[in-house]
Amino acid sequence: MHNDDTANPSGSSGLAGVIQRNIQALLHRRQEEAQTKSYQYRFADAITHFTGSMLFVYIHLVLFATWIIVNLPAVPLPKFDPLT
């Protein structure tokens, strides 16, 4: 078996080397695309990242639970969303 290190400078051979090169190429492409994104796309990505997080879920749990509890008939707080 012939191992030609000039054709594959990373020292990896066979399928593993091809996969490693592809991964590096994809990472490089992602970095380039991220750097050329417009402000609108970066802003949309930030919103999507936040709304897809568990922090977003926890915030909504607290807000809706508070809303429900405050508006229960037995709770002596002013109702801001009373049943009509």
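## Salt bridges

Arg29 and Glu33 are joined by a salt bridge whose closest N and O atoms are 3.0 Å apart, the term being used for a side-chain nitrogen of Lys or Arg within 4 Å of a carboxyl oxygen of Asp or Glu. Both residues belong to helix α1 (residues 14-36), where they are four residues apart, about one turn of the helix; helices here are DSSP runs of H or I with at least four residues, strands are runs of E with at least two, and both are numbered from the N terminus. Arg29 counts as exposed at 52% relative accessibility, whereas Glu33 is partly exposed, with a relative accessible area of 40%. In these terms, buried means under 20% relative accessible area, exposed means over 50%, and partly exposed lies in between, for a 1.4 Å probe and protein chains only.

The count of salt bridges comes to two, and Asp45 and Lys37 form one of them, with 2.3 Å from N to O. Asp45 is partly exposed at 38% relative accessibility, and Lys37 is partly exposed as well, with a value of 32%. In general, side chains of opposite charge can pair when their charged atoms come close.

## Basis of the model

The structure is a predicted model, in which local features need pLDDT of at least 70 and side-chain atom pairs count only at pLDDT 80 or more, while totals for chains, interfaces and linings use all residues. Residues are numbered from 1 along each chain as its sequence is written, and side-chain values use heavy atoms, with hydrogens and water left out.

## Overall fold and surface

The protein has three helices and zero strands, and along the sequence the pattern reads α-α-α. Of its 84 residues, 6% are buried. The protein exposes about 7,700 Å², of which carbon and sulfur atoms supply 67%; such areas come from the Shrake-Rupley method with a 1.4 Å probe, and for residues only the protein chains shown count as cover.

## Aromatic pairs

Across the whole structure there are three aromatic pairs, a pair being rings of Phe, Tyr and Trp (its six-membered ring) with centres within 6.5 Å, called stacked when the planes are under 30 degrees apart, edge-to-face when over 60 and tilted for the rest. The pair of Tyr39 and Phe43 is stacked, because the ring centres are 6.0 Å apart and the planes lie at 15°. Both residues lie in helix α2 (residues 39-51), four residues apart, about one turn of the helix; Tyr39 is exposed at 57% relative accessible area, and Phe43 is partly exposed at 46%.

Phe50 and Phe56 form an edge-to-face pair, with 5.5 Å from centre to centre and 85° between the planes. Phe50 is partly exposed, with a relative accessible area of 34%, and Phe56 is likewise partly exposed, with 25%.

## Helix α3 and the segment after it

Asn71 is placed in the segment after α3 (54-70) and counts as buried at 17% relative accessibility. A polar atom of the Asn71 side chain lies 2.8 Å from the backbone oxygen of Trp67.

Trp67 also belongs to a nonpolar surface patch with Phe64, Ile68, Ile69, Leu72 and Phe80, which together have about 610 Å² of accessible area. Patches are made of residues with over 30% relative accessible area and no salt bridge, like charges being joined within 9 Å and nonpolar side chains (Val, Leu, Ile, Met, Phe, Trp, Tyr) within 5 Å. Phe80 lies in the segment after α3 and counts as exposed at 52% relative accessibility.

How values were computed: Polar contact = N/O pair within 3.5 Å; in protein donor to acceptor, adjacent residues only side chain to side chain.
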